[in-house]
Amino acid sequence: MHYVNKSVKVSIIVPVYNSEKYISTCIDSLINQSLENIEIILVDDGSMDNSGKICDMYSETDARIISIHQENRGVSAARNKGIEQCRGEFVTFVDSDDCIAETYCEYLYKLCKENGTDIALTPQPVRVCGANYRITNDIVKDNAEVWTGIEAARNMLFYKIVISSWNKMYSANMLKRKKLCFDTELAYGEGFAFVINAFIHSNGIACGNKNIYFYRVDNENSVMTNYDTKLVHGSFEALHKIRKLIQTSSLQEAWNYAYWHTSCDCLNTMIGCGMKVEENEMYLRLVRNCRNYANTAMSAPVSAKEKMKALMYFVSPNFAARTINVLRKRKFAKAK
């Protein structure tokens, strides 16, 4: 039996919805953290499977775990509930179908404390598929950098940082003092908007390079693998809300790139799910965006591979999307 010290260093918030297939693996990775004095807040957002019962079972055997149940209100409301209830000095988010390395909390916590920043992160997760993967802390080098909020926001808009709220740690005091929360009106892109807002309001961001977050790419119920018109509209709505936060030309340049990238991602999903004819009006809009904004990618501080992809979308968005879908399917099949 684990007990919570009155001084909680990190609150781990997990929004849970119909995740019975993966939730135990996720929680097991949380309870084995090397950092002491953590709390784990599981927010069951009206699951219709056994997810809520599994959360309760874990909370009965580990005093660090708080199991909360609410009617289905969406992932943003679930995360906001966790923020309201947290007692930790810092807050981090983990999705219920993902898992983290044993040193995840310790590593990000030390990055914040040693660099005096409100936020710590690693740029990218380790993408995993199926059960054949190993949770490790493998790393070539770890020269931590400290960015300003503007630098971090720019890096995320250029997709050099994964556009999600997870894989990051935030000062709870900053979140509550600045009244930062997830926008419950957004059907998608809520994490993107939340993090950009947090970056801009922070005193700095410490960036390390360890492999500590393991992101599942084979969950058939994930919004990342299914086409939904509401999610496409939500993605662009999130971008427009982010644009309202932008006050510098350098961030506007990065926002233009993010707009192009989002258009390409949505087109890829649409074509991959065979929705081109059914969603023809949206399809034509996405094709225009992919072509008209391709120049922002070709002039952006991104890799040669991204610039080549931009050229493909400029010449033929449909062909580019189909090609990327074929390559992704091959990669997915190989991973399985």
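## An open three-stranded sheet

In this predicted model, an open sheet of 3 strands runs in the order β5-β11-β7 with mixed pairing, where two strands pair if DSSP finds at least two bridges between them. Strands here are DSSP runs of E with at least two residues, and helices are runs of H or I with at least four residues, both numbered from the N terminus. The edge strands are β5 (99-100) and β7 (126-128), each of which pairs on one side only. Strand β11 (residues 213-216) runs antiparallel to β5, and 2 bridges join them; in β11, Tyr 213 is the bridge partner of Ile 100.

Residues are numbered from 1 along each chain as its sequence is written. Because the model is predicted, local features need pLDDT of at least 70 and side-chain atom pairs count only at pLDDT 80 or more, while totals for chains, interfaces and linings use all residues, and side-chain values use heavy atoms, with hydrogens and water left out.

## Strand β1 and its partner

Strand β1 (10-16) is mostly covered, with 7 of its 7 residues buried; buried means under 20% relative accessible area, exposed over 50%, and partly exposed in between, for a 1.4 Å probe and protein chains only. Val 10, Ile 12, Val 14 and Val 16 point one way from β1, whereas Ser 11, Ile 13 and Pro 15 point the other way, and all are buried. The pairing of β1 with β2 is parallel and extends over 7 bridges, with Ile 38 in β2 as the bridge partner of Val 10.

## The nonpolar cores

A nonpolar core is a set of buried Ala, Val, Leu, Ile, Met, Phe, Trp, Tyr and Cys residues joined through side-chain atoms within 4.5 Å. The largest nonpolar core has 69 residues, and those with the most contacts inside it are Leu 157, Tyr 170, Phe 192, Phe 199, Leu 267 and Tyr 313. Helix α9 (residues 249-272) gives the most to this core, with 12 residues. A second, separate core has 39 residues, including Cys 105, Val 128, Ala 206 and Ile 212. In soluble globular proteins, nonpolar side chains tend to be buried together.

Leaving out residues up to four places away in sequence, Phe 192 touches Met 156, Leu 157, Tyr 159, Ile 163, Leu 239, Ile 242 and Ala 258, a contact being heavy atoms within 4.5 Å. Phe 192 also belongs to a cluster, linked by ring pairs, with Phe 158, Tyr 159, Tyr 257, Trp 260 and Tyr 313. The structure holds 17 aromatic pairs; rings of Phe, Tyr and Trp (its six-membered ring) pair if their centres lie within 6.5 Å, and planes under 30 degrees apart count as stacked, over 60 as edge-to-face and the rest as tilted.

In helix α3 (residues 75-85), the buried residues are Ser 76, Ala 77, Ala 78, Arg 79, Asn 80, Gly 82 and Ile 83. These buried residues pack against β1, β2 (38-45), β3 (65-70), β4 (90-93), α6 (172-177) and α7 (190-201). The charged end of Arg 79 sits over the ring of Phe 182, 5.1 Å from its centre, the criterion being NZ of Lys or CZ of Arg within 6 Å of the ring centre and within 35 degrees of the ring normal. Arg 285 likewise lies over the face of Phe 236, at 4.7 Å from the ring centre.

In α5, Gly 149, Ala 152, Ala 153, Asn 155, Met 156 and Leu 157 are buried, and what covers them includes β8 (145-147), β9, α7, β10, α8 (229-243) and α9. Tyr 159 follows α5 and has a positive phi, near 65 degrees.

## Two buried loop residues

Ser 165 lies in the loop between α5 (149-157) and β9 (168-171), and counts as buried because its relative accessible area is 1%. Beyond its neighbours within four places in sequence, Ser 165 is in contact with Arg 79, Phe 93, Tyr 170, Phe 182, Gly 191, Phe 194 and Val 195.

Gly 208 is placed in the loop between β10 (205-207) and β11, and is buried, with a relative accessible area of 0%. Residues up to four places away in sequence aside, Gly 208 touches Tyr 107, Leu 111, Leu 121, Thr 122, Pro 123 and Asp 142.

## Cysteines

With a disulfide taken as a pair of cysteine sulfur atoms within 2.5 Å, the count comes to 0 disulfides. The closest cysteine sulfur to that of Cys 105 is in Cys 112, and the 11 Å between them is too far for a bond. For Cys 290, the closest cysteine sulfur is in Cys 264, at 3.6 Å, which is also too far for a bond. Cys 105 counts as buried, at 0% relative accessibility, and Cys 290 counts as buried at 0% relative accessibility.
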